[in-house]
Every structure is written in C-alpha cells, then in structure tokens.
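Open the structure and keep the sequence beside it. We will walk through a few local features, one stop at a time.

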Amino acid sequence: MNKYLTFLLIIMASFYTYSNEARISSEDSSFKKTQEIANSFFKSYQVNDVKLSPNGEFIALMQGTGKLSQLVLLNTQTFKKSLIIEDEFDDPISITDFHWIDNTTIILEAYIKGKGKALLLSKLVIDNSEFKRVKNKYLLEDVFLVNTLPYVKDKFIIGKWNEGKTSLYRLDISKKSFGAQLRSKYKLNKRAPNATYWLTNSNGSINVGYGFDESNSKNRVWLKDLKSKRWKVIWEGEEEITFKPVLLSKDNKTLYVLSNEHDDLVALYEYDLVNKTYIKKIYENTNVDLNSAIVSTDKNNLLGVSFIENGFIKRTYFSEIDKILDGALKLVIDESKPYIVDFNLEKTIAIVETSSSTDPGTYNLFKIDTMDLIKFSSKAPWLKKYDLATTKMIKSKSIDGQSIESYLTLPELIDTLPPLIVLPHGGPISVRDTRHFNSHVQFLASLGYAVLQPNYRGSSGYGKNFQDQGLQQWGRIIEDDIQSGINEVVKKGLIDPNKICIYGISYGGYSALISAINRPDIYKCAASYAGVTDLPLLFNNVELTKSERLNKLLTKIVGDPKTELNVLMEYSPVYKAKKITVPIFLAQGDKDTIVDIEHYYRMKKIMDIYGINYESMLLEGEAHGFKYLSSIISFYTKLDLFFRNSLELDAI
C-alpha cells in the first residue's frame, strides 16, 4: 500500500488553455501541426472502462465524446450498442466508475456539477436477451460502492467518508427512500473501530477493518470476534510498513495479506489471526514488489496477484481454472501483454485487454468454450495513423553502484541520432513509470524526440529499501540516478549527446530546474510544470501540513526545516537561480493547491533579478496537473517550440 503523500504524486492526465503570458500564433503552420498532433494524443479516450454483466449477456462501456460522459450497453452476441445514460440529470455529470449489481441493474459513481460525488442507478429492461429501455434514477450524494453483493437481490454495500473514516450501509434499491437508509441505526459498523477500509464478503458480513489509528500514530488491523462480537487489534505497525488485508478465510482464522514487514519486497502471506503470526509466504516475486491481489467478484476467493516487472503489468493466477484460462488466452492472442480484466460469474466469458507502449488499450471478448477472441473496442483507434514508438528498458549503475531501471522511447523513422528529453516522474516517493502507453512520451516521440523515463530511488515497486533511499534526497542521489540513465544511453550511442533537455511535472519539474543548475554541461534547457522551487515554502502549505501526521510525512520526504533549513535552501532552485546558464521554461496552473503558485512567482522574480533567459506560462483554471484539453495543446505547442529553439532543431 502507498504510505506516502499522495498529494506529491505526479498527475499525468490531459491539459490546455492560453494564458496572458504565452500566446501562440495560429497562423504558423508548424504550430498548427503540433496542435493537431497534441489534440490526437491527449483528447479523451473513446472507451475508459468495460465490465461484463453477471450472466455475460452484455458489456457495459464507459466512454467519452470529449464533452459528455456516456454509459453504453453492448450485446455480446450481436454487438449492438445502446446508450444508457448521457447528461441525463439536471447538471452535467462525469461518470467515474460503474458496477453491475445484477443482470439488469447498474450502479454508477459520478461527479455531478454543483453537487459533488453521487451514486446513480440505471435499471435496464431486457427481453429475450435484447435491451429495450432504461430508467435512470438519482440515489445518494457523498457515498461510494463497496460490495455489489452479487448473490443478494436488490442490495449492495455503500461507504460514506468522514475525516478519513468509512461508515458502511446496506442499501436496498427496492425501497422508495434511500436517504433514510443512512440513519445511524442502520450503520453496519456502528460498534466497530474508526477504520478507513473494510473487508466484506459475498453476504455482506464485515469482520475486518484497517487503517491509520490517530490515537497511537500506527497502522492497525481489527478483527471482529464471531462469538463476542467485540473488535480486537490483530496487527499494528509503523506507517511505512505494508500490511494490506485482501481476504479473510471462511473460518475467520486466517487473513491473506500483502506485506513487507519482514522482507524488503511486498509478498503475499497467510496470517494467523489467533496467534497473530505469519503462517507462510504464499507467493513472492524475488525481483519486485507485488502490486495487488486479484480477488473474485463475490469476494470469496483469492484468484492471484499482479506486479510490474520489466516495465509491464503481469498477473499470476493460483487456481487451475484461472491458469488454464490464462494459458488458453495466450495461445489465441498474438498481441502483447494480454490480461483478463473481467469474467462473468460462471467464467465462461471474459473480457481481455491488450496494451503495450504503442497501444493504450484494446478490448476483446474471449469465449472460453470455443476459444473465440473478438475485438470490440479500442481506447484510441485514431492513434494508429501515427508511427508510435516502442519503449525499451535501460539498465544503468548509479554513482554508488545501485542498479537503476529506466525506459527509453526512440522516435520512429529518423536517420540521425535524436535529441533527448529526460522525463523524471513526480513524487518523488512511491511513484514510478512503466513501459505501458504514455501519452506524454508518445507525443514527444512523434515530434522526433527520444524520451528517457528513469525510475530513480524513491520509486515504488523495487522494495522498501530502494524506496526509502530516496527520502530527503531532493537534488542529490535522485538526480545522480537520473544522470546514470543518461550516461547509459549516451554510451550506447542511442541519442545525440549534444542535444539533451530535461522536463517534468511536480517533483519532475523540480528535478528539471535543479538539474539545469547543477549540470549545465549536460542539459541545453529545462522545463518545469508545477515544479517545487522553494523547499522550505512547502511547509507553509496548509493542504500539505494540515495535520501532525501529514507534517511528519512531509518532513520525512523532504527534510526538517527546523533543523535543516540551510540544507533545504541549498537544494532549492530559487536560491541557486544565479547559477542558471541554460534556457528555462516555467509553467503552472493558477489553481494549484499542492505546489502553491508562490513557487512559480518566486522563481520568475529571482530569474528576472539575475537576468536569466526564461519563458513562462500560467494556465488559467488548472490545478496540480491538467484538466482541460485546451491547456495541454497550448502548453505542449509552446514547449515544443522552446525545445526546438534551445536545441537548434528545425520545425516539424
């Protein structure tokens, strides 16, 4: 489980909007071409999620049209599409998730403008396997779905957040009143500890809760005794230790957990609830952390585990039927990285997704008895007209001998060594890059740039020791790790060593600025979006320090301003700006609450004082990341021009 500040994660989504500080001439043909390419790579996917009905007769697809959210029904026999919901309610909605409750009922999690998060209900009328009509209904605000209870008619479990704690309720959609079912007397865990997360089984029993306990500043796991009905702590530990419950045995004596308490890597264990000890290790990958456990839809069985290895998500199944299905799938499919994303309850039909560095996702229907594989949708079919570039793995040795894994994407169809854009991820702790399709990377590669994504120390997936080595290493060992990847691709003769720039978002933006300051011999330019420029200033941010717990986590990640102020200033770009000798591109959203806009203004002011060559761009309405397609087109069109001018490249 990710234990560190989620607000420091990089959010690589979509972006776009002209600012007063950076105007782009629409009359320039090269600009128009860049804008057109950016629109293709960053517009909303055609399909965002797919799920099978319990009987396998229909697939529900969540898709976007660019302006509207849609839920569409697809018949698995005829492949006829039917629209279920599209801006049906008083205010525009954005569907964030959906769940089949039974063969004719879908619950949607959505964000409704003016109301916030809400649950919606779509009741389907199906006759002789044909969709006839739908009745949509508004259910409740500020709740989310926890368990679909596939074997319980008209009922499912929902959760309601309150200051990090979750209250659970069983909602009965056959009743007229929904709000009344959230009264305190109906709360399923009203005598339970104030846990954040809960394990529930197929009939809705709640016997395990877990989360951070403010009273003793530790993570805790609670178990309800079946006889006394009392809750007791069965595990507690420091926040940096992973101990994630995934399934409770039917006899309530064994808990299956993902843990790294006694090992460097996260593995899957059986945990004895009576003696509070580990029984045995069920599965481990000796090279990487396990990412998650795969649990059946009915919450009764543990199907397998998933992890990221060599840059790609992989899945290992435990039961014989799942192993056979997985093996059969790989025999009939010739595309890379296939994996099952959903089954019907009887496991006679599966939805299979394929993805790679050149494919953001393609969906197939796999009929298991006949071994038929039928492609029915793609996330971004319009990208096929581009020469998408394959991402390869690069291994390097850092300054102290630590092995570092990076991913290099080389542009297709070029005759000379390409310029390199180094793209460090955000975080810097508990985040990582993969070799799966990345819109930012492929967009840059389509313009002729090679792109390097280093998984420096602090990145997740490589064990807690590797991750912890990135703590308080802003501008230090992290940047050494990044440099080792550059050295390796230069040594291999894969890029032009005289044309290298660095660009990043959030921590990646900080890394770009500090790297340009420290290594002007390597970088010809640096670009930062939402980058931290003043490390001590982070501790003035109310969002990052609003609780003692968050303040401690921030101190652990960055350093202590009370005892190490000079160190934090030494590694802050704003206090070292006088040393900048290469062009800088500085950008930020004006609604950013994670990296306060003051970081942007301070960096601009100090560069003005020293007469530094820089360009700036303030994106209106954007927060810590990108919300609007218009923003990303504007931003990347300007960024491409900046790179070309700095590296003395021709226009596309």
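A disulfide is a pair of cysteine sulfur atoms within 2.5 Å. This is a predicted model, and by that rule the count comes to 1 disulfide. Find Cys501 and Cys525. Their sulfur atoms lie 1.9 Å apart, so the pair falls within the 2.5 Å cut-off. The link of Cys501 and Cys525 is right-handed, with 120 degrees about the S-S bond. The pair links distant parts of the chain. Cys501 sits in strand S31, residues 500-505. Cys525 sits in strand S32, residues 525-529. Are they buried or exposed? Both Cys501 and Cys525 are buried.

Next, look at the backbone. Most residues other than glycine have a negative phi, and most peptide bonds are trans.

Start with Ser129. What is its phi? Phi of Ser129 is near 65 degrees, a positive value in a residue other than glycine. Where is Ser129 found? Ser129 belongs to the loop between strand S7 (116-127) and strand S8 (130-141). Its relative accessible area is 33%. Ser129 is therefore partly exposed.

Now go to Leu149. This residue is not a glycine, yet its phi is positive, at about 45 degrees. Leu149 has its place in the loop between strand S9 (144-147) and strand S10 (155-162). Is Leu149 buried or exposed? Leu149 has a relative accessible area of 0%, so it is buried. The cut-off for buried is under 20%.

Which kind of bond joins Gly427 and Pro428? The bond is cis, and omega is about 0 degrees. Pro428 lies in the loop between strand S29 (420-422) and helix H3 (439-446).

Lys190 lies in the loop between strand S11 (165-172) and strand S12 (197-200).

Look back over the loops. Ser129 is partly exposed, whereas Leu149 is buried.

Methods. Residues numbered from 1 in each chain as written. Predicted model: local features only at pLDDT ≥ 70, side-chain atom pairs only at ≥ 80, totals over all residues. Heavy atoms only, no water. Helix = DSSP H or I, 4+ residues; strand = E, 2+ residues; numbered from the N terminus. Buried < 20%, exposed > 50% of the residue type's maximum accessible area, 1.4 Å probe, protein only.
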